[in-house]
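Thanks for coming, everyone. Please take a look at the structure on the screen before I start.

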Amino acid sequence: MKISIILLFITVKCFIKYDTGYASSFDWNNGFSASGNNVYTKEFTFSGTFERIPQVAIIINKYNVQYQTTGGYLATITSITTTKFTVVMTNPYSSGATEMPFQWYAFDDKRVQVINEFNYILSSPYASFTQYVTYSHNNPNFTKALLFITSFQFKGGVDIVLSIEEITTTQVKVKIVSNTNNLLQIGYQIMLTTSDVMETTYIQQPSGSYTSSTMTFPTDKDWTVSTQGFNWPAVINFGVRLTKYSNYYTFAAWSGNPINALRFTYITIVKSITQTFLPMAISGIRVSQKENYNNSPLPTVQLSFEELSLVYTSETSQTFYVQSSLSQLNVIIQYKCPTTQKLYTELNYPNQIIKRNFYCSRSQNIVTMYIRINSQMIAINEITFSLTNTGISIKQNVQNQLAELKQIFLLQITNN
């Protein structure tokens, strides 16, 4: 008897969600040396493959910028794929950066957003100034933001401070302060996260040398420092670097470069995001069916969100935010119901979807639904609804690694 054995191999593609690395190819210690009036392009490969194109942040750990009458550099991420990204360093003047190593972080997750402003053109480049810039973001549950300088250009000593002024459900506002008239250009990125992704400690050092206290660095997180500003008299090169030791770090000027103040942030980033956002869910429904005795004029359908004082009687589609302080939303739907029709509903309870039909009749031609919707966690809930003459849909945009539109309630009006 002959026995045949067939082996079936199934290959499962494993994608990465987060990655980090050090841009040593821009480091003088690894043989890199830039000069003025030149452009340098470097490519960096991820440790694996992302399923979608990630967002990439570059946080410079070491500055080495030459000083002449006018100088500086420009750093830009020019392309990102699922396997690699490219950074271009441009020295537009005869005096520029001789090196620019950085720590990079890549995320495929909607609980993180990186906003790029690599070449912000100043509205007052030849005066001291304070400017505010507002950017839109994609997640109402962003509670933390980090801003860090990626490049600058100057015509003399600079004294600058960049900071986050405000985060709202849809926007982040940046404040740029220059206390001299010598700043020509500034480049930066903004990283926004939900509450458990990032921890930051802002440090303002009134000199060019900072040594941390004795620390126990986390093993489940990555850490670095990012620059938000400095006071540099520009009488010699701008040289600042991060040096890591086993239980402390320094962020300080080197090679005798005079710096009067450093403004920077110690940052930790989790390697795996565990916080999961849940959609709101129905906790109860009561239905009333009655006859419109006197045929009083009523809209065909009316949708009310009681706590928000929102009432709709005509076709519309809208999005609104339920703040985290509001844990319950009471919705009232009233429908003038011809005898030939039925109301099909889908109700999203915490652990199940319940489907029900309600039938119209001559003696019960008004159907009113009282629906109680509750939050399953403390979070801002982004609700999108659609009201038409044939139905109502209430959904929520839930953002974890992916953004998903989760259905909370569905009403379809059909013929019997």
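First, the ground rules. This is a predicted model, where local features need pLDDT of at least 70, side-chain atom pairs count only at pLDDT 80 or more, and totals for chains, interfaces and linings use all residues. Residues are numbered from 1 along each chain as its sequence is written, and side-chain values use heavy atoms, with hydrogens and water left out.

Let's start with a sheet. Six strands form an open sheet in the order S2-S6-S5-S11-S14-S9, with antiparallel pairing. Strands here are DSSP runs of E, at least two residues long, numbered from the N terminus. Two strands pair if DSSP finds at least two bridges between them. S2 and strand S9 (112-121) are at the edges with a single partner strand each, so one side of each has no neighbour in the sheet. On average, neighbouring strands of this sheet are turned by 25° against each other, direction ignored. For such angles, axes are lines fitted to C-alpha atoms, and the values run from 0 to 180 degrees between N-to-C directions.

Look inside that sheet. Strand S11 (residues 144-154) pairs with strand S14 (residues 183-193) over ten bridges, in the antiparallel sense. There, Ser151 faces Gly187 in S14.

Now the record. UniProt, in an unreviewed entry, annotates residues 41-107 as "domain: H-type lectin". Positions are given in the numbering used here, feature names are shortened, and such annotations may be inferred rather than shown by experiment. In the model, residues 41-107 are 0% helix and 63% strand, with the end C-alpha atoms 22 Å apart.

On to charges. A salt bridge here is a side-chain nitrogen of Lys or Arg within 4 Å of a carboxyl oxygen of Asp or Glu. How many salt bridges does this rule give? The count is nine. One of them joins Lys84 to Glu43, with the closest N and O atoms 3.6 Å apart. Lys84 lies in strand S6 (residues 84-91) and Glu43 in strand S2 (residues 38-45), so this pair ties together parts 41 residues apart in sequence.

Lys84, by contrast, is partly exposed at 32%.

Next, the other sheet. This open sheet of six strands runs S24-S29-S30-S31-S26-S27, again with antiparallel pairing. Its edge strands are S24 (316-322) and S27 (353-359), each pairing on one side only. The twist averages 15° from one strand to the next. S30 pairs with strand S31 (residues 403-415) over nine bridges, in the antiparallel sense. Gln399 has Ala403 in S31 as its bridge partner.

A cavity is a set of points on a 1 Å grid over the protein atoms alone where a 1.4 Å probe fits but cannot get out, and lining residues have an atom within 4 Å of a point. The structure holds one cavity of 30 Å³ or more. The largest cavity holds about 80 Å³ of space, where volume is the space filled by probe spheres set on the points, joined across faces, edges and corners. Its lining has 14 residues, with Asn141, Phe277, Asn397, Val398 and Gln399 nearest the centre. S30 gives the largest share of that lining, four residues.

How values were computed. Buried < 20%, exposed > 50% of the residue type's maximum accessible area, 1.4 Å probe, protein only. 1 Å grid on protein atoms, 1.4 Å probe; cavity = no way out; pocket = protein on both sides within 12 Å on 5 of 7 lines; lining within 4 Å.
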